[in-house]
Amino acid sequence: MLRSFLVTNHRSLADPQELRPARGSGPVAVPVTGIAGAPAAGKSNLIDALDRMRDAVLHSVTGWDPYAGPPRTPHPAFPERPTEFVAGFVAEGVPYSYGFRLSDAEVAAEWLHTHPRGRRRIVFEREGEQVRIGPTFEAARFGLGALVPLVRPNALLLALAGQLNAEALVPAYRWFAALLEVQRGPLDPAAVALRLGGYLSREPRGAVRLLELAGEAGLGITDLLLPEPDPRYAEYLAELDRDLAGGAEQLELCATRPGHADLLLQQHGLTETGLARELTALRGARDALFARMAARSGPGVRLLHAGIDAPFALADEPASALALLRLLPAVLDAIDTGRVLAVDDLDAALPAATARRLIGLFRAPEINSRGAQLIFTSREPLDTGRGWTIRRTERGTSELAAG
């Protein structure tokens, strides 16, 4: 669950701009948050900022140049001002706030706090080279303290600790890695085919839902074809699928049957949280294995259309079909796992009726039972709920406001 997102000095978002996809002091997750604005108002910059924050957490250690300053894109009028990202979220049932401040040379500040029962507790606070570990997390002091000398000035401590599985920081790291997805940028048929092929081969029942939604869009798609797995990978994929299905069933029983979580702990030594983490790791392993198979032989996704016998390759489909087929696996995965999905320009290539149908999936509690959230930008308001607007000011900056 995403409670809030604040960004300062990223592209046109020069002044602090905060999005709150939740309501109340609890808060309660809002399943759909729409941000409407005219072209060049700054909509894409807001989604890009969330994507940049996620990328920094996942890749600042392994993907950023170790001999350069942190990559950032400040407003052209304020290049000397730092760039800051702050997210409030709930991970494994605990509210967190995490943020960092970037200068041209280094990570100037970074912090992670928990907020159990509304009271702030420091996990760590970093200012330059100095790192303070909160007294409540004294048990984690040795593990985190051992990592502090290893983190580069231009990388995030959360990124390093998460990748090295430092227990105190795993929930926050896992939220960015597994429970937040951002879709933005131009359509890449190869990337769409890989994601779609991976989803279809892993979720046979999900394929029926996906095809139903694709059919409702009026694009003439009647079936989705996927070749048999490469024999060199088929056995491994099938084994991972069995483990995923069994784990998902156990997790569902924990949520719906009183006492099953205790039984799981007694019989398998696994907590509900531990099982959820294990499923995340299994999905990652499964996706990586499918990607290796696809790299050798291609994902092989083909589409059948009404009245046409020959199947179509994804590269032959119009932009509207590609946009929908890129989005549908992400939507269904988000609903199945309780993920936050942020989408830029939802109405750019999709008909308004199709976009509203997808929004409706998140609004339906009988479908969205795990509390997934959809955050999207559009040119025109697409949702009847309380939305947000973004506009470009006379100073050339973007301002976000609740509707």
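So, E203: at 23% relative accessibility it counts as partly exposed, and by that I mean the range between buried (under 20% relative accessible area) and exposed (over 50%), with a 1.4 Å probe and protein chains only. Its salt-bridge partner is R202, with the closest N and O atoms 3.3 Å apart. R202 counts as buried, at 11%. When I say salt bridge, I mean a side-chain nitrogen of Lys or Arg within 4 Å of a carboxyl oxygen of Asp or Glu.

Quick housekeeping: this is a predicted model, where local features need pLDDT of at least 70 and side-chain atom pairs count only at pLDDT 80 or more, while totals for chains, interfaces and linings use all residues. Residues are numbered from 1 along each chain as its sequence is written, and side-chain values use heavy atoms, with hydrogens and water left out.

Back to the charges. R202 and E203 belong to a network of salt bridges that also links E181, R195, D287, D333 and R339. By this rule the count comes to 25 salt bridges.

Which residue does D15 pair with? R395, with the closest N and O atoms 3.0 Å apart. That pair ties together distant parts of the chain, 380 residues apart: D15 sits in the loop between β1 (2–8) and β2 (17–19), and R395 in the loop between β17 (388–392) and β18 (398–402). Helices (H or I, at least four residues) and strands (E, at least two) are DSSP runs, numbered from the N terminus. D15 is partly exposed at 23%, and R395 is partly exposed too, at 48%.

Then there's E92 with R174, at 3.8 Å between the closest N and O atoms. E92 is in the loop between β6 (83–91) and β7 (94–102), R174 is in helix α4 (residues 170–178), and 82 residues separate them. Here E92 is partly exposed at 29%, whereas R174 is buried at 14%.

Now the sheet. Seven strands form an open, antiparallel sheet in the order β2-β1-β6-β7-β8-β9-β10, where pairing takes at least two DSSP bridges between two strands. β2 and β10 (130–133) are the edge strands, each pairing on one side only. The twist averages 5° from one strand to the next; axes are lines fitted to C-alpha atoms, for helices over the stretch in contact, and angles run from 0 to 180 degrees between N-to-C directions.

Six bridges join β8 (residues 107–114) to β9 (residues 121–127), and α4 packs on the sheet, touching β1, β6, β7 and β8, contact being heavy atoms within 4.5 Å. The direction of α4 makes about 105° with that of β6.
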